[in-house]
Amino acid sequence: MQVRRVIDTAREGVLSAIGNTPLVKLNQVFKHIEFDLYAKMEMLNPGGSIKDRTAITIVEQGLRSGSINKDTVIVESSSGNMGIGLAQACSFHGLRLICVVDAKTTTQNIHLLRAYGAEIDCIDEPDPVTGEFLQARLDRVKFLVDTVKNSFWPNQYANLSNPRAHHQTMREIVTATGNQLDYLFCAISTCGTMRGCSEFIKAHHLPTKIIAVDAVGSVIFGGAKAKRLIPGHGAAITPALFQDDLAQECVHVKDVDCVIGCRRLARREAILAGGSSGAVISAVEAMLHRIPPSATCVVILPDRGERYLDTIYSNEWVEEHFGDVAENWEGEYEECVAIAS
Ligand SMILES: Cc1ncc(COP(=O)(O)O)c(C=O)c1O
């Protein structure tokens, strides 16, 4: 397949490397499939995830509209990819960033945020009423926005620039697949990616069906809230960006199946990806028998795997939480399917 590259000349320096990620064909992760399966390699954005697109779109929009100027302090609650994407964008534009994280944030992510020059504001105690860090972090963001002069809250869960960033993601996918896309598998949290892709699909009257990939324990599509071990996809609140007509279907994936999906991607395609990428691979597997042989499918792989070496890619961690599941990715393909189904 010919993948056309559209060079974004509006951005400068490293920010010009955001987007236009490759679309690669996955020939090995599932044997004997007749449909075409491609992966949108969002981990190849310079900050390591799809959130580079969201972060730079929100910052650029703020700079254009005047709600961000050179003295603005950006304040956001994120312990993961959005924080890192913002830290990259703020470093490039010389903006101060206060990133509100919590006691569960990995040391590696805190180091990454600091390396880009972000200031860390760490919440040590969960909210006393809900028992959750998320509420305590949002309360802290509100306090900082109220007390820090000239502050700006990107608010990725409600900011319309978040989905707008992904019109371009979908444009790139459609350009590369020549409008022939039948299924798009998209992991969800703020719902920015899914909503942006859905808006593009509707605006261009495309036949593409979106399959939302959520976590078991996430409430986005109305499931019961439960503890989740894999960060990235899923949410404990319904994001303001959510609308119930954005996807044709939703597949809920268990944490263990994220691990299995990730390990298979690493062993069979040599792609080292994060937990939500494993989730989309397991979601495709759950739908294998329903996808017609002539179909073209794209999975979005949101981030890279290095940040999960102590969890998803650690045999000790996997055994501690899920028992001995190694045969699910180490065995022959046919055995794997039998065990996983
Ligand atoms: C690794 C990963 N996967 C999936 C998502 C979900 O993307 P969205 O917030 O656009 O729904 C996120 C969001 O932070 C993420 O970090």
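1. Start with Asp121. At 14% relative accessibility, Asp121 counts as buried. Buried means under 20% relative accessible area, exposed over 50%, and partly exposed in between (1.4 Å probe, protein chains only). Its partner in a salt bridge is Arg140, with the closest N and O atoms 2.9 Å apart. A salt bridge is a side-chain nitrogen of Lys or Arg within 4 Å of a carboxyl oxygen of Asp or Glu. Arg140 is partly exposed, with a relative accessible area of 26%. Asp121 sits in strand S5 (residues 119-123) and Arg140 in helix H4 (residues 133-147), so the pair ties together parts 19 residues apart in sequence. Helices (H or I, at least four residues) and strands (E, at least two) are DSSP runs, numbered from the N terminus.

2. A word on the basis. This is a predicted model: local features need pLDDT of at least 70, side-chain atom pairs count only at pLDDT 80 or more, and totals for chains, interfaces and linings use all residues. Residues are numbered from 1 along each chain as its sequence is written, and side-chain values use heavy atoms, with hydrogens and water left out.

3. Next, the salt bridges. The structure holds 13 of them. One joins Lys40 and Glu172, whose closest N and O atoms are 2.8 Å apart. This pair links distant parts of the chain: Lys40 is in strand S2, Glu172 in helix H5, and they are 132 residues apart. Lys40 is buried, at 2% relative accessible area. Glu172 is buried too, at 9%. Compare Lys70, which forms a salt bridge with Asp71 (3.4 Å between the closest N and O atoms). Lys70 is exposed, with a relative accessible area of 67%.

4. Look around Lys40. Strand S2 covers residues 36-41. Not counting residues up to four places away in sequence, Lys40 touches residues including Asn20, Arg53, Thr169 and Glu172. Here contact means heavy atoms within 4.5 Å. Glu172 also meets Arg53 in a salt bridge (2.8 Å, N to O).

5. Which domains make up the protein? They are domain 1 (13-44 + 166-318) and domain 2 (51-152). These bounds come from an automatic or database domain assignment. The C-alpha centres of the two domains lie 25 Å apart.

6. Now the interface. In contact are 20 residues of domain 1 and 16 residues of domain 2. The two domains bury about 1,300 Å² between them, with 55% of it on carbon and sulfur atoms. Buried area is the accessible area (1.4 Å probe) that two parts lose on being put together, summed over both. Leu15, Ile18 and Arg307 supply 48% of the area that domain 1 buries against domain 2, more than any other three residues.

7. The rule finds two salt bridges across this interface. Helix H5 (residues 161-177) gives the most to the side of domain 1 that touches domain 2, with four residues.

8. Finally, check two backbone angles. Most residues other than glycine have a negative phi. Asn20 has a positive phi, near 50°. Asn20 is in the segment before strand S1 (23-25) and is buried, at 10% relative accessibility. His32 also has a positive phi, of about 65°, although it is not a glycine. Is His32 buried or exposed? At 64% relative accessibility, His32 counts as exposed. His32 lies in the loop between S1 and S2.
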